[in-house]
Amino acid sequence: MFTGIIEYLGEIIEIHNIGNELEITIKTNISEEIKLGQSIACNGTCLTVTKLEKNNISFFISAETIAKTTIANWYLGQIINLELAMQAHARFDGHMVSGHIDARAIVQDISKKNDSHIVIIEIPPAYIEYIIDKGSIAIDGISLTINEIKHNMIYLNIIPHSWNNTNMQYLQAKDEVNIEIDLIAKYIKKLHVK
């Protein structure tokens, strides 16, 4: 379980194809001790550490995960959002994020407004019913508040701290991002279906 508060950034330094699966190595400056088998959210996707070498962390990625996320588009040199799994005794600053990506979404526009940035993202129609004004959503693992919804477009106001300390600063229009819908919204929807 994660909170959507990005703690570190990493750079992809190796991508190896293993049949229809991948092994990806990310160079990072994570200051905490990392162990084999540990879960780390990489652009919001919960991945298991399979190799460690100094500041380089490797992950094996299944075909299912590749199909569901933006990982097929990742490239050498790309900057990735990283979050370690939450600890029971720690402060809960974001919202409940499982690291299980629901879908990919497309960035439609990015504009500057005063010191912040407005990011407009087109959400796949099947997921729009889970989204509410001022509700939470994870975009590439970042816990964000939805400012406005128009049809299947969500408007996000990215404050300078979030912009400067995540890979949001590298986003461009037409980029794909990982989205994870609010976990509570999914449970409520399932209860109402019965």
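**Overall fold**

I began with the secondary structure and found 3 helices and 12 strands in the protein chain. I then checked the radius of gyration, which is 16 Å, close to the 16 Å that the globule rule gives for 194 residues, so the chain is as compact as a globular protein of that length. I noted that the model is predicted. I looked up the box filled by the C-alpha atoms, and it is roughly 45 × 45 × 40 Å along the principal axes.

**Burial, contacts and surface**

I asked what share of the 194 residues is buried. The share is 43%. For contacts with a separation of 6 or more, I found that 67% come from residues 24 or more positions apart.

**Largest pocket**

I wrote down that rolling a probe the size of a water molecule over the atoms shows where empty space is left. The largest pocket holds about 290 Å³ of space. It is lined by 15 residues, and those closest to its centre are Tyr75, Gln78, Leu171, Asp175 and Glu176. I sorted the lining by type and got 6 nonpolar, 6 polar and 3 charged residues.

**Two residues with positive phi**

I reminded myself that most residues other than glycine have a negative phi. Aspartate 140 is not a glycine, yet its phi is positive, about 50 degrees. I located aspartate 140 in the loop between β9 (136-139) and β10 (142-150). Is aspartate 140 buried or exposed? Its relative accessible area is 6%, and buried means under 20%, so aspartate 140 is buried.

Histidine 151 also has a positive phi, near 55 degrees, and is a residue other than glycine. I found histidine 151 in the loop between β10 and β11 (153-158). Its relative accessible area is 77%, and exposed means over 50%, so histidine 151 is exposed.

**Glutamine 172**

My last entry is on glutamine 172, in the loop between α2 (160-164) and β12 (176-181). With a relative accessible area of 54%, glutamine 172 is over the 50% cut-off and therefore exposed. Which residues does glutamine 172 touch, not counting residues up to four places away in sequence? I found Val107 and Ile110. I also looked up the distance from glutamine 172 to leucine 76: they are 96 residues apart in sequence and 17 Å apart in space, C-alpha to C-alpha.

Methods:
Residues are numbered from 1 along each chain as its sequence is written. This is a predicted model: local features need pLDDT of at least 70, side-chain atom pairs count only at pLDDT 80 or more; totals for chains, interfaces and linings use all residues. Side-chain values use heavy atoms; hydrogens and water are left out. On a 1 Å grid over the protein atoms alone, a cavity is a set of points where a 1.4 Å probe fits but cannot get out, and a pocket is an open set with protein on both sides within 12 Å along at least five of seven lines; lining residues have an atom within 4 Å of a point. Grid points are joined across faces, edges and corners, and a volume is the space filled by probe spheres set on the points. Ala, Val, Leu, Ile, Met, Phe, Trp, Tyr, Cys and Pro count as nonpolar, Asp, Glu, Lys and Arg as charged, and the others, Gly among them, as polar. Helices (H or I, at least four residues) and strands (E, at least two) are DSSP runs, numbered from the N terminus. The radius of gyration is taken over C-alpha atoms; the globule rule is 2.2 Å times the number of residues to the power 0.38. Buried means under 20% relative accessible area, exposed over 50%, partly exposed in between (1.4 Å probe, protein chains only). Contact means heavy atoms within 4.5 Å.
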